[in-house]
Amino acid sequence: MAFDAVHDLTSLLSSDRRDFLIRNNGDQVKISSLIGKRVGLYFSAGWCPPCRLFTPKLSEFYKELLANKSKNNDFEIIFISSDRDALSFKAYFSKMPWLAIPFDDLETQKKLKILFQLSSIPYLVVIDGNGKVSSADGVNLVKEFGVDAYPFTIDRKKQLLAQKEEAKKNNQTITSVLASASRNYLVSNDGKQIPVSELEGKLIGLYFSLPGHEHCDAFTPKLSEVYNNLKKKKENFEIVFVSLEEEDEDFFNEAFKSMPWLALPFKDEKCQKLKLYFDVDDIPALVITGQDGRTLNPNAVDLIKQHGIDAYPFTPKKHDVVHGKVEASCCGCDGSKTREETKDEKVEVSCGSMEEAKDGKAEVSCGSMEETKDGKAEVSCGCDGSKNDDDEKMEETKDKMVEVSCGCDGSSKNDDDEKMEETCKDGKVEVSCCGCDESKNDGDQKMEETKEEIKEGCGCKG
């Protein structure tokens with residue numbers, strides 16, 4: 001597979017009659033001068049509206065990277081064209097500050113499109129200095145993170161996504177959590193729609209549950225009791241049912257009838273998104289958000305099971321009060337928490353050590369504490385890194401047809417984007433758009449450009 005192999009740039013980019021690349025002023029650059037550099041293979045075309053929108057962004061990225069003296073010798077971009085004639089290629093390439101494979105080298109262009117399983121443009125594949133593909137998601141990374149995406153490694157992508165998630169959660173509000181572009185309300189079990197805005201300024205519990213699940217069905221009555229007692233005390237608290245039931249709406253409605261709180265509508269798009277957003281692995285789960293909308297407790301279920309209404313407002317500070325503070329210090333940690341003595345026990349723990357307390361044992365290593373029913377608290381660091389989806393890979397068709405759709409950004413596809421197919425015939429790249437009656441060969445079509453858009457005869461919109 002191209003994404004796992006080690007690539008030699010000379011054999012990858014050259015041909016029998018050519019050992020160079022070109023600039024838009026006609027200068028030739030030896031391929032051998034790129035050995036050891038990171039190289040971005042940029043598949044694009046001037047007739048493609050998303051490509052025309054992305055190329056200026058990539059140019060800005062490229063120039064900013066060149067201005068950074070610590071990186072300017074490490075990276076180069078090579079344009080692999082899907083333009084339909086030499087004039088179109090020349091006009092589009094004139095706006096690019098990087099290198100290109102000459103337009104008339106159709107065989108090398110075809111080889112690269114098949115090798116990297118091209119199915120949509122714009123597409124940016126980054127090869128590291130050792131010849132391995134470090135990212136096939138260059139377009140999205142540049143769009144989202146700009147020059148910070150460099151050097152396009154898996155570790156860098158993880159770091160950027162973690163930073164993005166952290167920033168997102170720091171700016172989290174109950175409206176951003178619960179509302180969507182098409183819905184700004186919640187539902188009650190009598191069918192009323194309650195504006196999400198009415199929950200602003202309240203302590204909120206997001207109740208992730210699946211009707212019919214043994215543990216969920218056992219916990220819901222306990223939570224209902226706590227909720228009703230808090231309402232009697234006029235506490236500023238609300239619960240929102242986030243149902244993970246996606247098949248049977250009657251089953252959802254039947255379960256919701258027994259719940260005195262609000263809910264997201266059945267099968268709402270937010271349900272699964274919130275499950276991922278809050279890293280909900282086990283159910284039932286009750287995520288607590290504060291009056292400012294930020295997360296206070298990722299799961300208060302065990303706290304409520306053990307202490308009921310006494311655990312309110314279900315915050316980490318309340319958790320410490322009802323459980324007794326456990327002090328933990330760790331080699332490598334910046335500091336340690338203050339030790340507190342309770343009437344019943346005193347627990348003092350350092351990294352990896354264990355001391356017996358009056359009423360139980362505490363085994364603690366660097367991390368947070370969870371208390372089990374038998375009085376033993378086992379704690380592990382939990383630093384297992386963030387999950388990262390592998391870069392998307394595209395499948396090569398059996399007949400070596402290169403199907404290219406215009407506008408796919410690697411993470412989502414737009415139904416309105418035009419699609420085109422590139423097939424290899426007699427060393428030429430043949431391009432047509434779905435919806436066009438005639439195929440368009442290289443060199444036999446010219447694009448008519450207006451001030452607003454490039455018209456193609458197939459209805460492509462900018």
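Figure 1. The side chains of T220 and Y207 form a polar contact at 2.7 Å. A polar contact is a pair of N or O atoms within 3.5 Å; within protein, one must be able to donate a hydrogen and the other to accept it, and residues adjacent in sequence count only if both atoms are side-chain atoms. The model is predicted: local features need pLDDT of at least 70 and side-chain atom pairs count only at pLDDT 80 or more, whereas totals for chains, interfaces and linings use all residues. Residues are numbered from 1 along each chain as its sequence is written, and side-chain values use heavy atoms, with hydrogens and water left out. T220 belongs to helix α8, residues 214-232; helices (H or I, at least four residues) and strands (E, at least two) are DSSP runs, numbered from the N terminus. With a relative accessible area of 9%, T220 is buried. Here buried means under 20% relative accessible area, exposed over 50% and partly exposed in between (1.4 Å probe, protein chains only). Leaving aside residues up to four places away in sequence, T220 touches Y207, S209, M259 and W261, a contact being heavy atoms within 4.5 Å.

Figure 2. The buried residues of α10 are K270, C271, L274 and Y277. Viewed down the axis of α10, these residues fall within an arc of 135 degrees, so they line one face of the helix; the arc is that of the directions from the helix axis to the C-beta atoms. An α-helix has 3.6 residues a turn, so residues three or four places apart point the same way. Exposed K273 and L276 are carried on the face turned away from the buried side of α10. After α10 comes D279, with a positive phi near 55 degrees.

Figure 3. Most residues other than glycine have a negative phi, and most peptide bonds are trans. Q117, a residue other than glycine, has a positive phi near 55 degrees; Q117 sits in the loop between α4 (106-115) and β6 and is buried at 8% relative accessible area. K267 likewise has a positive phi, near 60 degrees, and occupies the loop between β13 (262-263) and α10. K267 counts as exposed, at 54% relative accessibility.

Figure 4. I121 and P122 are joined by a cis peptide bond with omega about 0 degrees. P122 is placed in the loop between β6 (120-121) and β7 (123-127). The bond from I283 to P284 is also cis, with omega near 0 degrees; P284 lies in the loop between α10 (269-277) and β14 (285-289).

**Figure 5. Nonpolar cores of the chain.** In the largest nonpolar core, of 56 residues, L13, L41, Y42, F43, I78 and F116 touch the most other members. Helix α2 (residues 49-67) supplies the largest share of this core, six residues. A second, separate core of 27 residues includes L223, V226, W261 and A263. A nonpolar core is a set of buried Ala, Val, Leu, Ile, Met, Phe, Trp, Tyr and Cys residues joined through side-chain atoms within 4.5 Å. Of the 462 residues of the chain, 45% count as buried.
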